[in-house]
Amino acid sequence: MKKITFMLLITLLSISEMFGQSVIRYYLASKGSNNPDGSIMNPFSNFDQVQQKIRNRTDRKTNVQVILRGGTYYLKKPIVFTPKDGGDSLHSIEYIAYKDEKVILNGGTVLSGKWVKSDKNSIWKLKLSAYDKRYGVFRALFVNGKRLPRAASDTMFSKGPIGKFASSYKVLDFPAIRRLVKDSIDVFCGFIYADNVLDSIRDLSGEVIVYNSWEASWHTIRNIDKKNHIINFENPATYPVGFYGPKIRFRIENSEDYLDSPGEWLLKSDISEVWYFARRGEDPNQLKFIAPIVDSLVIIKGDSNTGALVRNLKFSNINFQYSSSSWGVHRIAEVDKNKNSANFPWIRFDKGFSSNQAALDCGSSIYLEAATGCSFNYCSFSHLGNYAIWIGQFSSNNIVANCKIYDNGGGGIIIGFDITGGKRKSWPDGKSPAFNQVKGCVINDCGKVFPSGVGIGVMQANHTLLKSNIIHDLPYSGISVGWTYDRSENYTTDNLIDGNYIFNVMKVLADGAGIYTLGKQTGTRYTNNYIKNIYKSKHAIGSDNNGFFFDQSSSDFDVSGNTVVNIQNGEYRFNHSDSTQLKMRNNHFQKNSPNNNVLEQAIRKWNN
C-alpha cells in the first residue's frame, strides 16, 4: 500500500512539473517608468515595450501575464498582435487588469483648447488644434462616458424616387436594381421629399441617414432642388427610394439648422470647429470631451498562408472604449465604380456609408484572423463606432465570456466572414471559423450609428456556441445566423444557439427577429432560448418583425424547447422556406402574456 501511494505521489509530481503553471509577470502602467524593466516598481509605459520583451524572452515554457495598472491608455493606432506575440498550445500570454483597478484602452482623444461662447444663445465653439484635425471627421462625441446627441432634425419622409426613374422599378424589384446600378447610379443618389420639409434649410453640410427596411445608409448632400423638392446626394445608397416603397424615413444630422437643444453638438469640419449647445449654467470648459479617432483598437492576426496562428492570447478585466466608424460605399451589387465615376463626375464613393444587411462593412474594434485559443473574459466594450468583436477567417476555439457590450455604433459580435453563398472549391474548410464560443455576455443599446447591426451574427462559421447571453434594446435583430440564400451546402453548420435571453430588439427597422436564420444549416440547433417583446415601429417599412424569422432557404436544423412571447407580428415566420425543412419540437409560442418586466428592469439596472 505504501509503495502504491509513493508511486502515485511520484506520478503526480511528474505531471505537475510537466504541466506546471509557472508564470512570468510584466507590469504596464499608463505612466510608466523612465527606465522600465517591466517590474512592478519600474513598469513599462506602452504596449510596444512589453510586446518586444515578450518576443525576446528566453524562457518560453512558461505562461506570461502582463498586468496593467489602473488608468486610461490612449491609443493612437491599433495594437497589433502577431504569432510572435501569442503563446503556444500549452502556454498563454494574458493581459489582465491589476486587482481592483480599472483599466481602459481608449481609442479617443480629449479635445483641447478653449470653448468660446458665440453670439447665439447657449452655443459654444471650440477651434480644434492641429493634433485634433489630423483625425478628420468624427461622428460621435462623449462627455463623462455619455454619448452626446448630434444636432438632428425630426424624422422626415420621402415622397418617391426622382421623377425620371418613377417607372424604372417596382417594390423589391431586384433584377431592375441590378441593371440600374451598372450605369444609372444617380437613382441611388436622391429622392423627392414630402411636405416641403427641406424648403427652409440653409446648412447643407449635414449628413443624411435614410432608413430602409432591414438596412440604413448615410449620405452627404450634393444639392437640394427646392422648386421640385428633390434632395441629391454625393454618394449612392444600397437601395433607392421606391425599392421598399415611396415613403421612407430620413433624418439630417450635423447641420446647424438643427442645433437647437441642450446637450447637442456638431462638427464643422470645413473650419475645424466643434459647436456645443450648453445646458443652463453649463460651461464646456469644465467638461472633458472625448472624440473617437482610432477605427480598430486591437488586431490579432496570424498568417493563414504559412499556418502561423496567434495562439493562446488572453484578455481579462479590460475595458475597451471609443473607436471611430468606417465610412464609404462598400456594398452595391455589381457596381461599376469606374464607369459610374466617368458618367457622373460628381459622385463620391468615399462619402457616406452604404452596406447590406447587418452593416458588416462598418468594421470592428477587435478583429481576429488566423487566431486560436484566444479569449476575452470579464471585459467591456463600449462607446465604439463599429462592432465590438469580429472573429474572422481561419480562427478557431476562441472564447468571449462574461463580457458587457453596449452603446456601440455597430452591433455586438460577428463570427464568420462576409461572403454569401455556398462552399468554394478553392477554399480550405479551415477558412470557416470553427468551435468559437460566446457565453454569458450582455449586449445592449448598440446600432447607434448603423441601425442594422445585430447583437451576434454567425456567418459561414461552424460549431459555434452561443450560450446564456442576454441581448436587448437593439434597432435590429438579436441573433442572426446564416449567410446563404439557397439550400446549397455552405460553411454555416453544427452551431448551437442555446439558452439566450432576447428582448426588446427590432426597435427601429423591419423584416428581422429576435433570432433570424438564413440558408441551409446542417446540424445546427436552436434550443431553450427565451424571446420576448418584439414590436414594430410605426414608421418601419417592409415585412413584419418576429420572434423567429426563418428566412430564405432556412433548412436542415433543429428548433426545440424555445419560449417566444409578446410578439406583435407573429411568434415565427417563414419566407421562401417551410416548416417541413426544420425539426420544430416542444416550443412554447404565446401571442400575449403578462408583461412582467421585473427581470428586464433588473438587467438594465445592472448594465448601468
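Select H576 first. In this predicted model, H576 is exposed, with a relative accessible area of 61%. H576 sits in the loop that runs between β49 (572-574) and β50 (582-585). Check its backbone: phi of H576 is near 55°, a positive value in a residue other than glycine. Most residues other than glycine have a negative phi.

Now go to A359 for a second case of this kind. A359 is not a glycine, yet its phi is positive, about 50°. A359 belongs to the loop between β26 (353-354) and β27 (364-369). Is A359 buried or exposed? A359 has a relative accessible area of 1%, so it counts as buried. H576, by its value of 61%, is exposed.

**The parallel sheet**

Switch to a cartoon view and colour the strands β3, β6, β24, β30, β33, β36, β39, β42, β45, β48 and β51. In that order, these 11 strands form an open sheet with parallel pairing. Its edge strands are β3 (71-74) and β51 (588-590), each of which pairs on one side only. Going from one strand to the next, the twist averages 10°.

Strand β48 (residues 563-567) pairs with β51 in the parallel sense, over three bridges. Pick V564 and look across to β51: its bridge partner there is F589.

Next select residues 273-277, which make up strand β19. Five of its five residues are buried, so the strand is mostly covered by the cut-off of under 20% relative accessible area. In a regular strand the side chains alternate between the two faces of the sheet. Here E273, W275 and F277 lie on one side of β19, V274 and Y276 lie on the other, and all are buried.

Which strands pair with β19 in the antiparallel sense? One is β9 (residues 123-127), over five bridges; K125 has W275 as its bridge partner in β19. Another is β18 (residues 265-268), over four bridges; K268 has E273 as its bridge partner in β19.

Stay on K268 and show its side chain. K268 lies over the face of W275, at 5.4 Å from the ring centre. Then follow the chain through the hairpin of β18 and β19, which has four residues between the strands. In that hairpin S272 takes a positive phi near 55°.

For another lysine over a ring, select K247 and F157. K247 lies over the face of F157, and the distance to the ring centre is 4.7 Å.

**Aromatic rings**

Display the aromatic side chains. There are 43 aromatic pairs in the model. To look at one of them, select F142 and Y322. Their ring centres are 4.9 Å apart and their planes are at 70°, so the pair is edge-to-face. F142 is in strand β10 (residues 142-143) and Y322 is in the loop between β24 (319-321) and β25 (328-329), so the pair ties together parts that are 180 residues apart in sequence. Both F142 and Y322 are buried.

Then select F47, Y73, F81, Y95, F315, F320, F376 and F381 together. These residues form one aromatic cluster.

**The nonpolar cores**

In soluble globular proteins, nonpolar side chains tend to be buried together. The largest nonpolar core of this model has 131 residues. Which residues have the most contacts inside it? They are Y95, I300, F320, F376 and F381. Strand β31 (residues 387-391) gives the largest share of this core, five residues.

Centre the view on F381. Leaving aside neighbours within four places in sequence, F381 is in contact with residues including F320, I366, F376, A388 and I389. Its contacts also include C403, K404, I405, Y406 and N408.

For the second core, select L126, L128, F138 and L267. They are among the 16 residues of this separate core.

**Last stop: S316**

Select S316, in strand β23 (residues 313-316). With a relative accessible area of 10%, S316 is buried. What does S316 touch, not counting residues up to four places away in sequence? S316 touches E94, Y95, I96, A97, N377 and C379. To finish, draw a C-alpha to C-alpha distance from S316 to S395: the two are 20 Å apart in space and 79 residues apart in sequence.

Key:
Residues numbered from 1 in each chain as written. Predicted model: local features only at pLDDT ≥ 70, side-chain atom pairs only at ≥ 80, totals over all residues. Heavy atoms only, no water. Pairing = 2+ DSSP bridges. Helix = DSSP H or I, 4+ residues; strand = E, 2+ residues; numbered from the N terminus. Axes fitted to C-alpha atoms, helices over the stretch in contact; angles between N-to-C directions. Phe/Tyr/Trp six-rings, centres within 6.5 Å; stacked < 30°, edge-to-face > 60°. Buried < 20%, exposed > 50% of the residue type's maximum accessible area, 1.4 Å probe, protein only. Lys NZ or Arg CZ within 6 Å of the ring centre and 35° of its normal. Core = buried A, V, L, I, M, F, W, Y, C linked by side-chain atoms within 4.5 Å. Contact = heavy atoms within 4.5 Å.
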